[in-house]
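Subject: Model for your files

Hello,

I am passing on the model we talked about. My notes follow below it.

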Amino acid sequence: MIFVFAKTPGDMTASLAKKLDEAVAANADKKLAAVINFTSEQTDEFQKEIGEFAEKNDLKNISLAVTADGEKFQVSDEVNVTVMHYLGKKVKFCFATNTVDDEAVE
């Protein structure tokens, strides 16, 4: 399971979302799953923006959620994107950044 916590659905998040969508599709036999949790407030307008983000980027294999509970997962408000890889119930990998470039996405 890959959990991504992101503040906003911008271009930076789009490249990561597309790569995750491809990885989940390619690893369906291994039951890879991914969720991007946007940690902004749950307003109707923001939820609409997330829906448009999914449609614009043709995301079909990952889940998108909007919650303001990044603190619950010990995700810093000072970081734009945090990626966690869970295997079983343990975090195997955690990467936090304010900028997601092509190298970080890979």
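Across which strands does helix H2 lie, and at about what angle does H2 run to E3? H2 lies across E2 and E3, and its direction is at about 165° to that of E3. Please keep in mind that this is a predicted model.

The sheet is open and has five strands, in the order E3-E2-E1-E4-E5, with mixed pairing. On average, neighbouring strands are turned by 15° against each other, direction ignored.

Pairings, strand by strand:

- E1 (residues 2-6) and E2 are parallel, with five bridges; Phe 5 has Asn 37 of E2 as its bridge partner.
- E2 and E3 (residues 63-66) are also parallel, with four bridges; Ile 36 is bridged to Leu 64 of E3.
- E1 and E4 (residues 81-87) are antiparallel, with five bridges; His 85 of E4 is the bridge partner of Ile 2.

Two crossovers involve E2. E1, helix H1 (residues 11-26) and E2 form a right-handed β-α-β unit. From E2 the chain passes through H2 (residues 44-56) to E3, and this β-α-β crossover is right-handed.

E2 itself (residues 34-38) is largely enclosed by the rest of the structure, because five of its five residues are buried. Ala 34, Ile 36 and Phe 38 point one way from the strand, while Val 35 and Asn 37 point the other way.

Regards

Terms used:
Residues numbered from 1 in each chain as written. Predicted model: local features only at pLDDT ≥ 70, side-chain atom pairs only at ≥ 80, totals over all residues. Heavy atoms only, no water. Buried < 20%, exposed > 50% of the residue type's maximum accessible area, 1.4 Å probe, protein only. Pairing = 2+ DSSP bridges. Right-handed = clockwise from strand over helix to strand, strands pointing away. Axes fitted to C-alpha atoms, helices over the stretch in contact; angles between N-to-C directions. Contact = heavy atoms within 4.5 Å.
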